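Subject: Structure handover

Hello,

Here is the structure you asked about. Please open it alongside this message; my notes follow below.

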Amino acid sequence: MKDIITIGGGLAGLVNAIRLAEAGLDVLLLEKKAYPFHRVCGEYISNEVVPFLESINAFPYELEPSSIREFTLTACSGASATMPLDLGGFGVSRYALDHFLCNRAQQAGAEIRQQTSVQSVSFKDDHFQVTLPQNETVKARLVIGAYGKRARLDKQLARPFIQQRSPYIGVKHHVRVDFPDDVIALHNFPGGYCGISRVEDGRYNVCYLGSRAQLRKYGSIEAMEEKVLHQNPFLRNLWRDAEFLFDQPEVINEISFAPKQPVVNHILMSGDTAGLITPLCGNGMAMAIHSAKILSDLIIQHYHPSQFNRSALEDQYASAWKKQFAARLWVGRNAQRLFGAKLSSEIGVQLVKRWHSAARSIMQYTHGEPF
Ligand SMILES: Cc1cc2nc3c(=O)[nH]c(=O)nc-3n(C[C@H](O)[C@H](O)[C@H](O)COP(=O)(O)OP(=O)(O)OC[C@H]3O[C@@H](n4cnc5c(N)ncnc54)[C@H](O)[C@@H]3O)c2cc1C
């Protein structure tokens, strides 16, 4: 019997694995893909995570992340405004970062099984049974759900958000282009918004949240980009001038920002599995890392195989998670209304241009303090 199984090896799963293995627990992390791999993400990480990553010796200095200090917003028309970022952030690809953290987790003593997709999880007699391909089963006292925004497991757990279809798609490219290395830009287009910022090796991440209906209408990603994204002159010029480095962009659909529960059927949910913030906040990765810190702190505090109070752990985690993240997620959902439409994107640009303090407040509400 394992102490802990972590389902999913993104940021939340890997950070939980590093901390819990380092605390001496027997940790198995199951990841359905093989590192390194690309995933849809803007790859801008808020600096609020820096002290914590340094404290667990997991800040990726060796990957030479970019340092990002300024924010530019453009409306669908191309009107633009720029402001400094109070806290700022850094840019590094998930391809490199997740691989780096996987190595770090193995070094901490976690067992990592890649290309292993969890099929189901059940809880009985105070322990979990996790089913893997070929009907292999593994038992554990605790299971952390860190399998991202949406997975088949959510259906099995009958989580309410899985019933609703989401109108969004996410698309990521890597490019080489002449663009400042310390700026993150967010460009509106009808139905969505597209971020650009630098990652390692002189590459830039170009990632957008678009609409499934528009993809259906235009029939392909390329046609949709040409007809919809290029209505914003900044995006038109970016596509004209950039060298695109992937054969095909990374694409995902069914991105739901609906509220979720942090504990379901005794599984402790971490990162996007507990709740996904809208990407315009540039804060989902910091939240995934922070939620893993909160959860692993509580597990380390509570977990004694002989006298373990499961319901105290679950209650404390649910309330700590809600206190830290529920308001941020709400502000993120509502701020998203200012994006992806002609008039409201103009209002957003005016907000950044004329009312720095109001724009700053929205940013502060969607971000946490450094931890
Ligand atoms: C378009 C878009 C842009 C974004 N841009 C940014 C940004 O610039 N900055 C930012 O901070 N955040 C951004 N985010 C949010 C950020 O990507 C997520 O919040 C972050 O990746 C969450 O990490 P996680 O560990 O919870 O999940 P993930 O990184 O999704 O990891 C989940 C892992 O679980 C694995 N998995 C799934 N099912 C199973 C299974 N059954 N068995 C085993 N493994 C499984 C997956 O393969 C995956 O590796 C963006 C999101 C979107 C959609």
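Predicted model: local features only at pLDDT ≥ 70, side-chain atom pairs only at ≥ 80, totals over all residues.

Ala158 sits in the loop between α4 (152-156) and β10 (168-176). Its phi is positive, about 55°, although Ala158 is not a glycine.

Asp201 also has a positive phi, near 60°, and is a residue other than glycine. Look for Asp201 in the loop between β12 (192-198) and β13. Asp201 has 13 C-beta neighbours inside 10 Å, so it counts as partly exposed.

One more backbone point. Tyr35 and Pro36 are joined by a cis peptide bond, with omega at about -5°. Pro36 belongs to the loop between β2 (27-30) and β3.

Next, the helix pair. Helix α1 (residues 11-22) packs against helix α8 (residues 284-302) at an angle of about 30°. Their axes are 8 Å apart, and the crossing is right-handed. On the α1 side, the contact uses Leu11, Ala12, Val15, Asn16, Arg19 and Leu20. On the α8 side, the residues include Met285, Ala288, Ile289, Ala292 and Leu295. This contact of α1 with α8 has ten nonpolar, three polar and two charged residues.

Then the core. The largest nonpolar core has 99 residues. Ile5, Ala17, Val27, Ala105 and Val143 touch the most other members. Take Ala105: leaving out residues up to four places away in sequence, Ala105 touches Leu14, Ala17, Ile18, Ala21, Leu29, Ala110 and Ile112.

Last, Val263. This residue is in strand β16 (residues 263-264). Val263 is partly exposed, because 17 other C-beta atoms lie within 10 Å. Val263 and Ala318 are 55 residues apart in sequence, yet 6.5 Å apart in space, C-alpha to C-alpha. Beyond residues up to four places away in sequence, Val263 touches Leu268, Met269, Glu314, Tyr317 and Ala318.

Best wishes

Terms used
Residues numbered from 1 in each chain as written. Axes fitted to C-alpha atoms, helices over the stretch in contact; angles between N-to-C directions. Helix = DSSP H or I, 4+ residues; strand = E, 2+ residues; numbered from the N terminus. Left-handed = near helix turned anticlockwise from the far one by under 90°. Contact = placed C-beta atoms within 7 Å. Nonpolar A, V, L, I, M, F, W, Y, C, P; charged D, E, K, R; others polar. Core = buried A, V, L, I, M, F, W, Y, C linked by C-beta atoms within 7 Å. Buried ≥ 20, exposed ≤ 12 C-beta atoms within 10 Å, placed from the backbone.
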